[in-house]
Amino acid sequence: MPQNNETLRVIACGSPSADQSALTSRLFPNTRFLTLEESPVDRLGRDILAAAIASDLALVFVSARDGLHVSLKLLIRIIALAGIRHLVLVTDAIETDEHTKDELGKTLREFCIDFSFDTLEVIASQSQEMRDAASSSLDARLTQLKSAIESQSIEREGALRMPVHSAQSHSAGSTSVIGTIAAGSIKAGDELRLLPSGKTAAAKAVCLDGTEVEVAHLGQTVHVSLNDGLDANRGDIIVAADCPPEVADQFEAQLLWLSGNPMTPGRQYLLELAGQEVQATITEIKYQEDIDTGAHLAAKTLAPNTIATVNLSCSEPIVFEPFEQNRTLGAFYLTDKTSSELVGSGVIDFALRRASNIHWQALELNKEARAGHKQQSPSCIWFTGLSGSGKSTIANLLEKKLHAQGKHTYLLDGDNVRHGLNRDLGFTEADRVENIRRVSEVAKLMVDAGLIVLVSFISPFKAERQMAREMFETGEFIEVFVDTPIEECERRDVKGLYAKARKGELKNFTGIDSPYEAPEAPEVHVLNAQKSLDECVEEIVAKLS
């Protein structure tokens with residue numbers, strides 16, 4: 001809620017008339033207008049959720065004759081997801097159409113019964129009244145609602161939470177930071193803690209718009225001078241020293257999926273929360289919400305414009321608070337690592353208990369010691385290519401050559417791993433993603449053991465190969481693209497898999513009805529159809545030396 005003489009923050013969705021827009025702007029100067037297309041999240045979903053998270057009141061302008069259609073239901077669910085407690089639907093019902101207005105109001109209240117809105121209103125806006133906005137029923141009712149909502153806006157300040165936008169270290173050893181207060185207040189002399197480092201300092205001075213102030217409050221962007229030099233950076237969070245928020249790396253969250261590409265559990269995305277950026281994976285879809293009824297539906301992937309409750313795992317701990325407690329520290333955005341497309345947005349419900357109960361066990365023997373005992377540099381040689389391209393044959397010959405040189409190796413082959421570790425996985429996109437995630441983790445452990453591990457998997461998707469690469473240190477991951485034309489792969493196919501796939505008897509077959517995304521810059525590009533097997537192996541050996 002607004003504090004310190006701020007006006008109500010409002011999101012206005014739909015297609016208001018010129019009179020309605022003028023009235024809304026006059027009553028609520030801090031309004032963001034969003035015009036809806038055929039579906040409210042086809043192109044504007046990300047804007048709607050982002051604007052709604054920053055708003056206190058939602059005004060939705062609809063046609064009463066259209067009723068509570070699917071797009072409107074989805075919009076209301078997004079508004080509820082964003083934590084807005086006050087919802088007003090303004091209809092264009094004509095003066096003689098009271099029955100239509102009443103029916104819409106009844107249907108709306110029944111639909112919203114589980115959302116617990118503090119304010120839920122349906123107001124009929126009649127065109128003849130809008131000619132004199134000052135005396136219209138819409139003007140009068142919105143004015144009443146504004147007063148009622150503002151009277152409820154006394155909010156507990158809580159402990160200080162301030163994401164750092166920028167920081168500067170000074171020659172005298174002091175540090176100054178700029179940030180927007182997401183909770184609480186700050187004044188000179190306050191003891192502060194910088195997260196995630198945990199280091200403490202005191203506020204020396206607080207400035208607002210270049211002027212030193214006694215105290216700054218929620219929503220204000222301030223310049224704070226600290227009396228002790230700290231290595232602060234964008235994405236750090238300044239908090240009250242005696243009341244820090246939680247830090248965790250696994251969460252239950254509510255997610256709005258925006259991308260035209262389905263969301264697949266196990267795939268890595270970039271997560272941004274209050275300036276913090278980490279890699280994140282949706283590890284489980286607990287359920288998807290039915291737009292009409294809110295029923296919990298089972299789902300393995302998420303289509304565009306769907307809301308689901310998911311488990312989320314981050315590559316490292318982040319500072320957060322549940323969204324219900326703090327919108328800034330509880331709202332996140334997901335970006336595709338390859339295309340930089342914003343693919344999803346959501347809110348954190350709580351940290352998973354296992355996030356605080358599981359800790360990395362420090363071991364005395366490390367990778368360097370194990371590799372030194374074997375007198376070799378550990379690495380992961382990752383073979384990718386179509387089925388029948390010759391990956392496993394070349395990998396097998398390479399391992400024999402390395403073994404003859406006294407190297408300590410192990411070959412992880414796609415078919416062999418599916419007989420054991422990954423026997424529960426099929427060949428859908430979600431299963432393929434999980435297949436690569438598991439084998440990447442195994443390969444990482446083997447490299448940590450000091451081995452040279454050869455991985456031979458189709459691994460058709462760039463995102464998963466990039467995920468595997470990022471698990472290893474620079475120079476440890478060597479991608480070998482066994483580039484064989486699909487016609488040659490089919491000619492070699494003694495099992496007849498391509499023939500079955502072409503007949504539709506074998507679904508999700510890479511190169512036929514499931515895509516293969518060829519590497520753009522592999523360390524080794526093997527043109528298997530143009531060279532002998534020995535020449536292919538020597539090409540890889542040359543890269544290793």
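This is a predicted model: local features need pLDDT of at least 70, side-chain atom pairs count only at pLDDT 80 or more; totals for chains, interfaces and linings use all residues.
Residues are numbered from 1 along each chain as its sequence is written, and side-chain values use heavy atoms, with hydrogens and water left out.

Let's start with the charges. A salt bridge here is a side-chain nitrogen of Lys or Arg within 4 Å of a carboxyl oxygen of Asp or Glu, and the count comes to 26.

| Pair | N to O distance |
|---|---|
| K187 and D190 | 3.1 Å |
| E434 and R438 | 2.8 Å |
| R469 and E523 | 2.8 Å |

Helices (H or I, at least four residues) and strands (E, at least two) are DSSP runs, numbered from the N terminus. E434 and R438, on the other hand, both lie in helix α12 (residues 429-448), four residues apart, or about one turn. They also belong to a salt-bridge network with D424 and R437.

How buried are these side chains? Buried means under 20% relative accessible area, exposed over 50%, and partly exposed in between (1.4 Å probe, protein chains only). E434 is buried at 16%, and R438 is buried at 19%.

On to the strands. M162 is in strand β6 (residues 161-169) and is buried at 0%. Its contacts (heavy atoms within 4.5 Å), leaving aside residues up to four places away in sequence, include V177, I181, V224 and I238.

Strand β16 (residues 268-273) has two antiparallel partners, where pairing takes at least two DSSP bridges. With β17 (residues 276-289) there are six bridges, and L270 stands opposite Q279. That hairpin has two residues between its strands, and A274 takes a positive phi near 50°. With β20 (residues 331-336) there are four bridges, and Y269 is partnered with D336.

Finally, helix α1 (residues 18-27) buries Q20, L23, T24 and L27. Down the axis of α1, these fall within an arc of 100° (taken from the directions from the helix axis to the C-beta atoms), so they line one face of the helix.
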